[in-house]
Amino acid sequence: MDDLEHTPDDGRRYELVDGRLDVSAAPGSVHMRVANRLSTHLNNACGGEYEIGENPGINLDSARTSHRIPDVVVFDGAPPARGYTDVPPLLAVEIISPESIFRDSSTKRAEYAGFGIPSYWIINPLAERIGLLELRLEQGGYRDAAMVSGDAVFRTEAPFPVTLVPHWLTASGPWLRHIGGERTGPGDGP
């Protein structure tokens with residue numbers, strides 16, 4: 001586990017799964033755009049009441065043999081000043097890339113539920129219309145709470161009230177003005 005803190009700073013993700021090293025490619029430009037816009041929107045939506053982070057290291061077990069790096073998280077307090085957190089965030093978000101479809105949809109779904117993360121979002125920017133799946137933890141497993149895509153408005157109360165239009169996570173144009181579903185005038189659509 002301590003070796004993870006000394007992995008190369010080469011843009012790749014180094015995670016542990018049952019003590020086994022799992023290396024994935026560096027995020028691409030669309031992936032980074034989605035993470036950045038989502039983090040910005042979540043910070044605006046919560047008004048600074050929560051800690052929003054990108055790519056934090058999370059230890060999923062006390063033996064520190066399972067370690068993941070979600071794309072975006074929401075904490076109700078500050079993350080540790082050093083090292084990785086052992087506390088489940090209120091929300092973990094994974095942005096699917098071609099090589100992570102199974103890992104994000106199945107493997108991490110089970111791991112995050114087992115760790116007790118109350119909300120898990122999976123964002124798919126690979127589809128014809130970008131989509132968002134919201135999962136909520138119930139009785140030790142996740143249930144599908146909402147699924148939206150394109151210019152449909154996603155609404156949730158967990159971990160705080162948020163509205164989001166997935167289209168604006170990747171689209172060119174005035175994304176900041178529209179990502180929350182707001183309209184500024186007639187004909188001002190996506």
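Helices here are DSSP runs of H or I with at least four residues, and strands are E runs of at least two, numbered from the N terminus. Keep that in mind as you open this predicted model.

**Whole chain.** Colour by secondary structure. The protein chain holds three helices and twelve strands. Now switch to a surface view. Of the 190 residues in the protein chain, 44% are buried.

**Aromatic rings.** Select Phe, Tyr and Trp. How many aromatic pairs are there? The count comes to four. A pair of aromatic rings is described by the distance of the centres and the angle of the planes.

**W121 and F154.** Zoom in on these two side chains. Their ring centres lie 5.1 Å apart and their planes meet at 85°. Angles over 60 degrees count as edge-to-face, so that is what this pair is. Now show the strands around them. W121 sits in strand β8, residues 119–124, while F154 belongs to strand β11, residues 154–156. The pair therefore ties together parts that are 33 residues apart in sequence.

Are these two residues buried or exposed? Buried means under 20% relative accessible area. W121 has 0%, so W121 is buried. F154 is also at 0% relative accessibility and counts as buried.

**Tyrosine cluster.** Last stop: select Y112, Y120 and Y142. Ring pairs link these three residues into a cluster.

How values were computed: Residues are numbered from 1 along each chain as its sequence is written. This is a predicted model: local features need pLDDT of at least 70, side-chain atom pairs count only at pLDDT 80 or more; totals for chains, interfaces and linings use all residues. Side-chain values use heavy atoms; hydrogens and water are left out. Buried means under 20% relative accessible area, exposed over 50%, partly exposed in between (1.4 Å probe, protein chains only). Rings of Phe, Tyr and Trp (its six-membered ring) pair if their centres lie within 6.5 Å; planes under 30 degrees apart count as stacked, over 60 as edge-to-face and the rest as tilted.
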